[in-house]
There are 2 protein chains.
Amino acid sequence: MSRITKAIHAIGLMSGTSADGVDAALIKIKGKALDCKIKLIAFKKFPFSKGLQELIHKASTPEFGRVDLICRLNFLIGELFAEAALEIVKIAGYTMKTIDLIGSHGQTIYHAPEDRNGVGDKKWLPSTLQIGESSLIAERTGVTTIADFRSMDMASGGIGAPLTPFAHYILFHEKGKGKIVNNIGGISNVTFLSGGGDIHDVVAFDTGPGNMLIDSLIHIITRGKRSYDNSGTMASMGNVSEKLLKRLMDNPFIKKNPPKSTGREEFGYHEALKIYRYAKRYGLSDRDIIATVTGFTARSIVENCRMFILCKKEPSEIILCGGGAKNTTLIDMIKKGVEPIQVKTSDYYGFPPEAIESIAFAILGNAAISGVPANLPQVTGAKKAVVLGKIIFSHRGTKSKRNTPFNQ
Amino acid sequence: MSRITKAIHAIGLMSGTSADGVDAALIKIKGKALDCKIKLIAFKKFPFSKGLQELIHKASTPEFGRVDLICRLNFLIGELFAEAALEIVKIAGYTMKTIDLIGSHGQTIYHAPEDRNGVGDKKWLPSTLQIGESSLIAERTGVTTIADFRSMDMASGGIGAPLTPFAHYILFHEKGKGKIVNNIGGISNVTFLSGGGDIHDVVAFDTGPGNMLIDSLIHIITRGKRSYDNSGTMASMGNVSEKLLKRLMDNPFIKKNPPKSTGREEFGYHEALKIYRYAKRYGLSDRDIIATVTGFTARSIVENCRMFILCKKEPSEIILCGGGAKNTTLIDMIKKGVEPIQVKTSDYYGFPPEAIESIAFAILGNAAISGVPANLPQVTGAKKAVVLGKIIFSHRGTKSKRNTPFNQ
């Protein structure tokens, strides 16, 4: 009993596809890795400078993402992740000595989950690339650090995403109550948690764009002066063009069967430019364009829920999280689409919507260090459940020395 | 007593700057991580196809090393490293169940150890980039895998190289007998082991080119038909141009004070092309060119030994290892340069010269898993000795589950 109630403290670090900064969450975990209670102690976003954000986007683009830039950015971003960890501990009024582990997602700069083309006598494998050197995080903080979670799922035949359903399960599952968690980051993904309460029943997949297309089109329309539609104000002032919306819904990803994952490759700046050109051809105003891509984002989420979840299960609520949960126009559209199912944000459960992803990587770090598999094969398509992440042990004390397997 | 004599089996995997294939060594380690006996069970090089070698060189070049290529190569090379591990176990007549750990160096595609330029409000940090996804190695073999050894030394203020001196110490140090180990791979490095037998007295650094310039010039001269000077035959037929040699010795890296490390950035194909143009201007024949760069390689090794080791210490022998130990013309030049010090190859101690580097990464993997720091701060310039490498535990048995620090 005393072992189960011993709490640990973990930091989760994350930068999403928009590459706008490091989200850092400090949480308290009480209980076993798969059956624990989570309390959020502190959360903050540490924004990247505009220049750095542009460099990350450059590094993520095949035409410009050069090896020297990637090598250097990996270390620089690692340093910024470390600084975020040091800061969040200060903000919480803790010291690093009280922190047991850090789980870092890093920054994805490329994700090719379905690659199978040949190279000479060899075939490419599905692959993914996160940067943000974890050695720097471990060295600067002195805390055991786990990073690079996606690669082991892909090595096991999965598409490396989404990984947060494991954390959604831990945070929100409730016996007797089916729930959908919809995380609207750059990309949107949904996680269905059955009322049966079994992790093997979890269904999860990407639904398509989250904020990514809206953000890119705001950027295009305002010529870089603004980067997102604050609270969905601009969308609320325009009308959805059903003609353009129908065209957008024809994107094969939307109706594709899960498991599926997507990214900047499919719904990035290039796609936004294409949409902008269509919209101009259709004579849409700027407001109508933003209303329509917001409508597309909502409709693709709703349709995915309908096609792959609601047709067979009946959740009693949808929990919104991610930055998109602050776009009230988007939320209203989703609400209308799924009526009469209740829609609430994760605030209801004590977790700010924008903190969920970073909390998830603290939870995934805890799973790794506990030897608990954290990918869900039914979600990622992996052949088996595997322990995710590469571990760098803290050697500030004797704890890790005593416990490594081959210590002599 | 029983704990100390319990032997473990480890595989070391390595691909050097020439990117010609995976070296795989299977060794038996008896004793504590820092005070153990090593026995080589099996060694083999698994060559990369010419196409893959070219792709790796492409990925290593800023102009062509794009993010999509790097992402894909990381996974493909990880797979080939895994295949090499599976093969070497078969060759030895062992099974993976008898293997306790794998240490993988991976493939360096960029190394910027002295980078300090600014990027906006931030400064770049010294950085390095190895690929060869360790998740694939761990997944395919089911064995605990340690990789990415250089980054933690750099996070601690070091230049991330050379890392093999730790292994040279374990393999060759002998109370009462000072030794120099000279590893001639693409780049050449020397390790001085004092007769006092203390690891803190080890001196080690890169001396400049190993086989890299010779190989590149053979490639240029034969228009890609040959890639190295077999046994140094061509060099033996030419004459060293003292005029060109003097110019080459003016390279500031040669006389620079340790700690120092170098790579393809400094002695790669571009440098070889530059040398070729000078040589043609001086009217040198092809044979004379190869004799002269071979002479440069030998002279830079000898001068570095003189300036930074022989002036204060007196080793009784120089142990040559790496592919360069098969270039008899190069060896003869080194022998003449260091007379009367004895020069022998590592074969003398039961380790084929070409196996030393891969053996070293098995030894470094063992150090990591034992929580033993393996960088030498006096060698890399790191502020402190740190445990190197990121660990992926095998979960085929209960061993690692039982022993992880936070297992609940």
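Predicted model: local features only at pLDDT ≥ 70, side-chain atom pairs only at ≥ 80, totals over all residues.

**Strands and their neighbours**

A: Strand 9 (residues 179-184) of chain A pairs with strand 12 of chain A in the parallel sense, over five bridges. Two strands pair if DSSP finds at least two bridges between them. Strands (E, at least two residues) and helices (H or I, at least four) are DSSP runs, numbered from the N terminus.

Q: What is the bridge partner of Lys179(A) in strand 12 of chain A?

A: Glu317(A).

Q: Which strand pairs with strand 12 of chain A over four bridges?

A: Strand 13 (residues 342-345) of chain A, again in the parallel sense. There, Ile318(A) stands opposite Val343(A).

Q: How many residues of strand 12 of chain A are buried?

A: Five of the five, residues 317-321, so strand 12 of chain A is largely enclosed by the rest of the structure. Buried means under 20% relative accessible area, exposed over 50%, and partly exposed in between (1.4 Å probe, protein chains only).

Q: Which residues sit on each side of it?

A: In a regular strand the side chains alternate between the two faces of the sheet. Glu317(A), Ile319(A) and Cys321(A) are on one side of strand 12 of chain A, with Ile318(A) and Leu320(A) on the other. Both faces are covered.

Q: Switching to chain B. How many bridges join strand 1 to strand 2 of chain B?

A: Eight, between strand 1 (residues 7-15) and strand 2 of chain B, and the two run antiparallel. Ile8(B) stands opposite Ile29(B).

Q: Which residue in their hairpin takes a positive phi?

A: Ala19(B), near 55°. That hairpin has five residues between the strands.

Q: And the link from strand 2 to strand 3 of chain B, how many residues is that?

A: Two residues, in a hairpin. Strand 2 and strand 3 (residues 35-47) of chain B pair in the antiparallel sense over 12 bridges. One bridge sets Ala25(B) against Phe43(B).

Q: How many residues of strand 2 of chain B are buried?

A: Nine of its 12, so to speak mostly covered.

Notes. Residues numbered from 1 in each chain as written. Chains lettered and ligands numbered in written order. Heavy atoms only, no water.
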